[in-house]
Amino acid sequence: MSNDARIRGDEDPYVAMQTTDEFQALRRKFRGFVFPMTGFFLVWYFVYVLLSTFAPGFMGTKVVGNITIGLLFGLGQFVTTFAITFIYARWANRELDPLADAIGARLDGVKEH
């Protein structure tokens, strides 16, 4: 059955759009980026927390002056958060938004969105 055949006039167009191949591809693409990136960040965060809890000597090791490994790891959490945000925004603009715009245009019944 084609995608157009699945979207009938008596259905909510937004609910019907969720069953199309285009929408499912958009969801797969989104999940393919977001889930691994979230997993990476959570592992990185929990390594930081666990090291802070169970290896205070290591985390308290001074690197330069009063700057410790723990402080660098803590600041690294902020850097990682901003980096992931930047990477996601660039990726979404390039990969995700064109697909979402095409789906939106199809829902709106216009040629371009």
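## Basis of the model

Helices (H or I, at least four residues) and strands (E, at least two) are DSSP runs, numbered from the N terminus. The model is predicted, with local features needing pLDDT of at least 70 and side-chain atom pairs counting only at pLDDT 80 or more, while totals for chains, interfaces and linings use all residues. Residues are numbered from 1 along each chain as its sequence is written, and side-chain values use heavy atoms, leaving out hydrogens and water.

## Annotated spans

An unreviewed UniProt entry places the feature "transmembrane region" at residues 33–55 and 67–89; such annotations may be inferred rather than shown by experiment. Residues 67–89 are 91% helix and 9% strand, with end C-alpha atoms 32 Å apart. For residues 33–55, the end C-alpha atoms lie 32 Å apart, and the span is 96% helix and 0% strand.

## Nonpolar patch

Val63, Val64, Ile67, Leu71, Leu72, Leu75, Phe78 and Phe82 make a nonpolar surface patch of about 780 Å² (residues with over 30% relative accessible area and no salt bridge, nonpolar side chains being joined within 5 Å; a salt bridge is a side-chain nitrogen of Lys or Arg within 4 Å of a carboxyl oxygen of Asp or Glu). Areas come from the Shrake-Rupley method with a 1.4 Å probe. Helix 5 (69–108) and strand 1 (62–64) each supply at least two patch residues, and helix 5 gives the largest share, five.

## Thr80

Thr80 lies in helix 5 and is buried, at 14% relative accessibility (buried means under 20% relative accessible area). Thr80 touches Phe40, Phe41 and Trp44, leaving aside residues up to four places away in sequence (contact means heavy atoms within 4.5 Å). The side chains of Thr80 and Trp44 are also joined by a polar contact of 3.0 Å (a pair of N or O atoms within 3.5 Å, one able to donate a hydrogen and the other to accept it).

Conventions: Patch = residues over 30% accessible without salt bridge, like charges linked within 9 Å, V, L, I, M, F, W, Y side chains within 5 Å. Buried < 20%, exposed > 50% of the residue type's maximum accessible area, 1.4 Å probe, protein only.
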